[in-house]
Amino acid sequence: MIWVRRLISAVAMIAFTVPLILLAQEFDQQTEELVLQQLNASRREAGLSPLKISPELVEAARRHSVEMADQRKLSHQFQGEPPLPQRLAATGAHFFRSGENVGFNTQADLIHDAFMHSPPHRQNLLTPEYNSVGVGIVQKGDSYWVTEDFAQQVAALSADQATELAAHAFAEMRRQQNLMPLTLIDIPQLRRTVCTMAKTGEMNNRQLLQMVGVRYAVTYSNAQPEMLPGDVSRVAAQPNLKKFAVGSCFVQDEKEPGGMFWVAMVFF
């Protein structure tokens, strides 16, 4: 199963009630490491970058494998359990897209091979955009219960860091177009305004254009704030611009469990 986050977002996190430390003895770490090695070997053979092990994704995967082993049933979501994006977000992971493989096998060395021979599972294993994985394996009786959680994780940034990245990306865009640099100014009101927009889920450039002296305004949402939309490129080419300001706000909700930055840019 693949979950893809689009634009705009945030969430009321659902905490799991079973302390992970109490479950540690149930995990088969040796088999987890074997499966991870085989997984990354397959990605290299396909010309893809290996996946980094993510402590957050490991936590989510292990919890789900415990649930499957206890119920002796394969499922991506049990009754009362949040769906995958919310489960990953509850561990503190920040991500743009996510996917999951679940399965069981009686032979540890055949787990990865079985996934590779199943088209939907193989698709997750070889998705180029994924950069992180968590493998959780529990052995009960003669069966290994397996969860592989995949994600395109992004950096956990503060609002100030996101603002700085967006401003730097714009300055670099101007430089590449051989345009004079603009003066970056700080407008505290801008951050408050974009946070209000994020909470209401509505982008409102008209409100920004009412600010004194503002000639152009652009708002966008992205988990990677330095990824500027096309509107910014068009504004960057406008003549007679002197100054600009950036404000950002990080939010999480049910639509975007992994979190999203809302960014507002105004130009003078």
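**A walk through the predicted model**

Strand S5 (residues 143–153) is largely enclosed by the rest of the structure, because 11 of its 11 residues are buried, where buried means under 20% relative accessible area, exposed over 50%, and partly exposed in between, with a 1.4 Å probe and protein chains only. Helices (H or I, at least four residues) and strands (E, at least two) are DSSP runs numbered from the N terminus. This is a predicted model, in which local features need pLDDT of at least 70 and side-chain atom pairs count only at pLDDT 80 or more, while totals for chains, interfaces and linings use all residues. Residues are numbered from 1 along each chain as its sequence is written, and side-chain values use heavy atoms, with hydrogens and water left out.

In a regular strand the side chains alternate between the two faces of the sheet. Both faces of S5 are covered, with Ser143, Trp145, Thr147, Asp149, Ala151 and Gln153 buried on one side and Tyr144, Val146, Glu148, Phe150 and Gln152 buried on the other. Two strands pair if DSSP finds at least two bridges between them, and S5 pairs with strand S3 (residues 95–105) in the antiparallel sense over 9 bridges. Within this pairing Ser98 has Ala151 as its bridge partner, and Val102 stands opposite Thr147; S3 itself is mostly covered, with 10 of its 11 residues buried. Strand S4 (residues 132–140) is also joined to S5 by 9 bridges and runs antiparallel to it, with Gln139 partnered by Tyr144. S4 and S5 form a hairpin with 2 residues between them, and Gly141 in the turn has a positive phi of about 65°.

Another sheet, open and of mixed pairing, holds 4 strands in the order S6-S8-S9-S7. Its edge strands, S6 (183–184) and S7, each pair on one side only, while S8 and S9 run antiparallel and are joined by 8 bridges, one of the pairs being Ser248 with Val263 in S9.

Of its 20 residues, Phe170, Leu228, Phe244, Met265 and Phe267 touch the most other members. Leaving aside residues up to four places away in sequence, Leu228 touches Ala166, Ala169, Phe170, Met173, Tyr220 and Met265, contact meaning heavy atoms within 4.5 Å.

H6 also gives the largest share, 3 residues, of the lining of the second largest pocket, to which helix H7 (188–200) and S8 each supply at least two residues as well. Among the lining residues are Asp160, Glu164, Asp186, Arg191 and Val246.

Two loop residues complete the picture. Arg72, in the loop between helix H2 (55–71) and helix H3 (84–89), has a positive phi of about 50° although it is not a glycine, and at 54% relative accessibility Arg72 counts as exposed. Asn178, in the loop between H6 and S6, likewise has a positive phi, of about 55°, without being a glycine, and at 73% relative accessibility Asn178 counts as exposed.

Technical notes:
A nonpolar core is a set of buried Ala, Val, Leu, Ile, Met, Phe, Trp, Tyr and Cys residues joined through side-chain atoms within 4.5 Å. On a 1 Å grid over the protein atoms alone, a cavity is a set of points where a 1.4 Å probe fits but cannot get out, and a pocket is an open set with protein on both sides within 12 Å along at least five of seven lines; lining residues have an atom within 4 Å of a point.
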